Amino acid sequence: MALDGIHLDRTRPEPLYAQLAEAIRAAIRADRLAGGQKLPATRDLAERLRVNRTTVVAAYRILREEELVESGIGAGTFVRRDGPGPERRHAGAEASFWASRMSEMPRPEPHRLSPTADGTILF
């Protein structure tokens, strides 16, 4: 199966679900996953990748929002036969672009946060 080569890197700043969505997106765009092909059940893929099932559910949700896959209750998740609409075709690339930029932004250091009397937090 085209998803056998997926490797999730826990040292990367991108969340695992985003890495998984990107790997599946790349497989679809490279035609390693054909239209109508059924994706593994979330439990099976989670077990195979040694991640929480929620990680796979989140990745599949992203792909549904990008109109790359479709799901039916009890039927499973399938690669769309007709592909995404033209306005969504490059959504994954744009999301990856912004995700990489957001990971570069500095994060507040918890020990430097100081609440004021009215509950607001100063940095």
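Helices (H or I, at least four residues) and strands (E, at least two) are DSSP runs, numbered from the N terminus. The model is predicted: local features need pLDDT of at least 70, side-chain atom pairs count only at pLDDT 80 or more, and totals for chains, interfaces and linings use all residues. Residues are numbered from 1 along each chain as its sequence is written, and side-chain values use heavy atoms, with hydrogens and water left out.

**Helix α2**

Buried means under 20% relative accessible area, exposed over 50%, and partly exposed in between (1.4 Å probe, protein chains only).

| Group in α2 (42-49) | Residues |
|---|---|
| Buried | Thr42, Leu45, Ala46, Leu49 |
| Exposed, on the face turned away from the buried side | Arg43, Glu47 |

The buried residues of α2 are Thr42, Leu45, Ala46 and Leu49. They lie on the same side of α2 because they cover an arc of only 100° around the axis, taken from the directions from the helix axis to the C-beta atoms. Their cover includes α1 (16-29) and α3 (53-65), where contact means heavy atoms within 4.5 Å. Arg50 follows α2 and has a positive phi, near 60°.

**Second largest pocket**

A pocket is an open set of points on a 1 Å grid over the protein atoms alone, where a 1.4 Å probe fits, with protein on both sides within 12 Å along at least five of seven lines; lining residues have an atom within 4 Å of a point. The lining of the second largest pocket includes Thr42, Arg43, Tyr60 and Gly76. At least two lining residues come from each of α2, α3 and β2 (76-79), and α3 gives the largest share, four residues.
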